[in-house]
Structure formats: structure tokens, C-alpha cells
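Please walk me through this chain, from its overall layout to its surface and a few individual residues.

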Amino acid sequence: ANPTHVDLTRNPRDFVGHFMPFGDGQRVCPGARFANLEVLTALSMFLRRVRILPSGSQTLQLRWDASMRRDQGNHLILQPL
């Protein structure tokens, strides 16, 4: 209701459906399919030009959320091909 007021007690899960960058329904963005294809193309071109390696010998610590993940994230080394 008041966009200039910061309320740290509000629950962000109440606003999950509010982020729709391309819209939805009858007024969906006509460039949405092209934008998604463009991102996939850029990612595939990037992955063709680098080698992805693990960074050293890290101990594997797992965290269980909705799926099993590494606790401190994945640390990777990118080497140009």
C-alpha cells in the first residue's frame, strides 16, 4: 500500500506471483519467446568457449532444502578453450 515505506516484517512469499517480466495471458509480451531463445543461445555460446573445472579439493558439505545442494555453493574455475 505504501511503496516508500520499508517493512521488514512482510512475508516475501505473499508476492511470489507479482514478478512477471513478460506478462501473462492476452497481453503477454510478443518478444518473450525471442528473449528466452536469445539467453539460451548466449549461454550455449559461452559454454562452448570455456572449460569448467572444480576449484581445488574442497570437502563436500551438503545442505538439504527442496533438493540436495552444496552448503557453500559451487566454486568453479573457468578456463578459455
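Along the sequence, the elements of this predicted model come in the order α-β-β-β-β. That amounts to one helix and four strands in the chain. Of the contacts with a separation of 6 or more, 41% are between residues 24 or more positions apart.

Confidence comes next. The average pLDDT of the chain is 83, and 88% of the residues score at least 70. Helix H1 has the highest confidence, with a mean of 95, while strand S3, residues 68-70, has the lowest, with a mean of 83. Where pLDDT is low, the coordinates of a prediction should not be read in detail.

How much of the chain is buried? Of its 81 residues, 2% are buried, a class that requires a relative accessible area under 20%.

Part of the surface is a nonpolar patch formed by Leu43, Phe46, Leu47, Ile52, Leu76 and Leu78. Together these residues have about 550 Å² of accessible area. Which elements supply at least two residues each to the patch? They are helix H1, spanning 32-48, and strand S4, spanning 76-80. The biggest share comes from H1, which gives three residues. Leu43 is a patch member located in helix H1. Its relative accessibility is 46%, so Leu43 counts as partly exposed; the limits for that class are 20% and 50%.

Arg63 and Asp65 are the partners, and their closest N and O atoms lie 2.8 Å apart. Are these two residues buried, partly exposed or exposed? Arg63 is partly exposed because its relative accessibility is 34%. Asp65 is also partly exposed, because its value is 45%.

Gln72 sits in the loop between S3 and S4. With a relative accessible area of 59%, Gln72 is exposed, since that class begins over 50%. Between the C-alpha atoms of Gln72 and Leu62 the distance is 8.4 Å, with 10 residues separating the two along the chain.

Leu81 belongs to the segment after S4. Its relative accessible area is 64%, and Leu81 is therefore exposed. Which residues does Leu81 contact, leaving aside its neighbours within four places in sequence? The contacts are with Arg48, Arg49, Val50 and Arg51. For Leu81 and Arg49, the C-alpha to C-alpha distance is 5.4 Å, although the two residues are 32 apart in sequence. Arg48, another of the contacts of Leu81, has the number at which helix H1 (32-48) ends. Leu81 is thus exposed at 64% and still has contacts beyond its sequence neighbours.

Conventions:
Residues are numbered from 1 along each chain as its sequence is written. This is a predicted model: local features need pLDDT of at least 70, side-chain atom pairs count only at pLDDT 80 or more; totals for chains, interfaces and linings use all residues. Side-chain values use heavy atoms; hydrogens and water are left out. Patches are made of residues with over 30% relative accessible area and no salt bridge: like charges are joined within 9 Å, nonpolar side chains (Val, Leu, Ile, Met, Phe, Trp, Tyr) within 5 Å. Accessible areas come from the Shrake-Rupley method with a 1.4 Å probe; for residues, only the protein chains shown count as cover. A salt bridge is a side-chain nitrogen of Lys or Arg within 4 Å of a carboxyl oxygen of Asp or Glu. Buried means under 20% relative accessible area, exposed over 50%, partly exposed in between (1.4 Å probe, protein chains only). Contact means heavy atoms within 4.5 Å. pLDDT is the predictor's confidence in each residue, from 0 to 100.
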